Amino acid sequence: MEILFFLFGAIAVVAALNVILQRNPIYSAIGLIVTLCSLAGLFLTLSAQFIAAIQIIVYAGAIMVLFVFTIMLLNVRSEESKVDRQKFLRWLAVPLFLALLGEVYYVVRTVNNPPLQIPATGAAPPAEILGTVESIGREMFTSYLLPFEATSVLILMAIVGAMLLARREKEVDAAKRQAPTAEPEEETVAIGPGH
Amino acid sequence: MSVDAGFLIEALIKIIIVFHVVLIILAYTVLAERRVLAVIQNRLGPNRVGTFGLLQPFADLLKFIMKEDLIPMAVNKYLYLLAPIVTLVPAFMVMIVYPFGPTVRIPYFGQVDLYVTRLNIGLLFVFALTSLGVYGIVLAGWASNSKYSLLGGLRSSAQMVSYELSLSLSVIGAVMQSGSLDLVEIVKNQSGAWGMGWHLFWFQPIGFAVYLISAIAETNRVPFDLPEAETELVAGFHTEYSAMKFAMFFLAEYANMFTVSVIATVLFLGGWNGPFVEQLPWLGLVYFFAKVFFFLFLYIWLRATLPRFRYDQLMNFGWKFLLPVALLNIVISAAIGVLTF
Amino acid sequence: MIPLSWYLALSAVIFTIGVVGVVVQRNVIALFMCVELMLNAVNLTLVAFSRYFVNPTGQLFVFIVMAVAAAEAAVGLAIIISLFRSRETLNIDEADLLKL
């Protein structure tokens, strides 16, 4: 059981480091996908089967596809910035990161008492129905109905917002401006960018 | 849960058997496609190699292995080599949840379940792996560093992602009726009415139709195969691939077809159910394969018969028609479930 | 038996990697991916606590967080696309003026 935690944890950390250290954004995206999948594995070790499946379907299978599409459509290459005004931040980040790791280590060492251990799987009967769809669904549709409905409104807003933001306004107007000169025998010149 | 050696060995043996059986079925599906297409088009298919062409898959395999393995100069090598793997591995990983048959009695081993494992989120597992298969196509299109591949890859994956929505929504009716996402449980729920109490007849005809259409779009087959049709974009995302890597894409496509057929039989056609299955459990295996082969034949039949959609017609259809119909199916199924409770 | 603090430590490490990424990265899309990394680290914490207290509310919270992350990713990428259209570069150092 610990082997699974160390395996998935190591893969997650290495892939996360890959996300921030790679130059090419496609490789960062692949690193993030691997992180998400190893996190799904960790969720499985925590008896959260539904959340693990949803993580792969939604996060790794839909959100990251969106990211990869955007990177490909914008044809992003790994570019070195001409004006790197904040290079000193890179030299500051690594020592601070190590400092935080030291703090995490200290917390883990001092608070690692037996009473805080996770109960063994199967020892407590409620744990067997913990990660199932039924338990989450029951909670969601009775006590937490309002967040569920609010989430659906939020997603609707996101759809409308994304469509509005990514619309090609300027190209449509430019095409309207060009149309009169391209086909003079069909349209009068009076149809211009007046609207 | 105790994981002992007996459990592991049994699982390993089952995995090996299932993998080989499905691989052979896939190889012969390729041959069957060529023969059936040929018969429908009033000609003979490959019938030289072995009687009736039955050794043709081995000839194809030899050809694929012996071909020169090209890596074009301008491709992104790392992603180019990764893409077929990312397409093939999820397509084969799904096999462990197929419910091939009921519990049978094998003389030496006792009671054996004819499925490798039984996950209580079995259906979500299948959808998760199908979503991961999109990456192989996207990465193949990008890595090949050519216009046709990139366009084909983007179109193909956009189509797959769009139809995944109506795919997932169309199965909710059947899931609601069985009360579980476990594939074995869904099959057992359809065992009423002397083995003919299938979800297809019991209130899910719309769900079945939507599922079938979405699944054909999901697997990039005719009439939805614009992104990889030979007459359109050269060969879409796998233009730059040859030999074994192309074989991997090819195999993954057929494995996806097989997965979709299995899920269709499990969810809507009753899986291993049929007349007299309780008395003779091995008959369940026969029924299962008969139904799955029917769906594979349906795929091939559609390929021979239908023209293909244009890309904007395809996307319009998926978003503006199939998605609302799938949602409507959920509402109707829920209403029927409440009324007949 | 894995102590709860190990999961929390792993989550803290991933979160920190995300924060370092947000601070250091110059590419807008990679920066956004580091934000998603932070969200996932928090998801791990929530699920670990949900397992420890044997309470499905933690997993429900993760579900809602994922839905919010999906909505945020869609809108964020739309913003990035319109940013790219006006500036032709994805370097966030170039986007430092309020006016175009």
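**Exercise 1.** Is α10(B) mostly covered or mostly uncovered, and how many of its 26 residues are buried?

*Solution.* This is a predicted model, in which local features need pLDDT of at least 70, side-chain atom pairs count only at pLDDT 80 or more, and totals for chains, interfaces and linings use all residues. Residues are numbered from 1 along each chain as its sequence is written, and chains are lettered from A and ligands numbered from 1 in the order in which they are written.

Step 1. A residue is buried if 20 or more other C-beta atoms, placed from the backbone, lie within 10 Å of its own.

Step 2. By this criterion 21 of the 26 residues of α10(B) are buried, and the helix is mostly covered.

**Exercise 2.** Determine whether the length of α10(B) agrees with its residue count.

*Solution.* Step 1. The expected span is 1.5 Å times one less than the number of residues.

Step 1. For residues 243-268 of chain B this should give 38 Å, and the end C-alpha atoms are 37 Å apart, which agrees.

Step 2. Just after α10(B), B:G270 takes a positive phi of about 90 degrees.

**Exercise 3.** Characterise the side of chain A that touches chain C.

*Solution.* Step 1. With contact defined as C-beta atoms, placed from the backbone, within 7 Å, 72 residues of chain A are in contact with 60 residues of chain C.

Step 1. The largest share on the chain A side, 10 residues, comes from α3(A).

Step 2. The residues on this side divide into 54 nonpolar (Ala, Val, Leu, Ile, Met, Phe, Trp, Tyr, Cys and Pro), 6 charged (Asp, Glu, Lys and Arg) and 12 polar (the others, Gly among them).

Key: Contact = placed C-beta atoms within 7 Å. Helix = DSSP H or I, 4+ residues; strand = E, 2+ residues; numbered from the N terminus. Buried ≥ 20, exposed ≤ 12 C-beta atoms within 10 Å, placed from the backbone.
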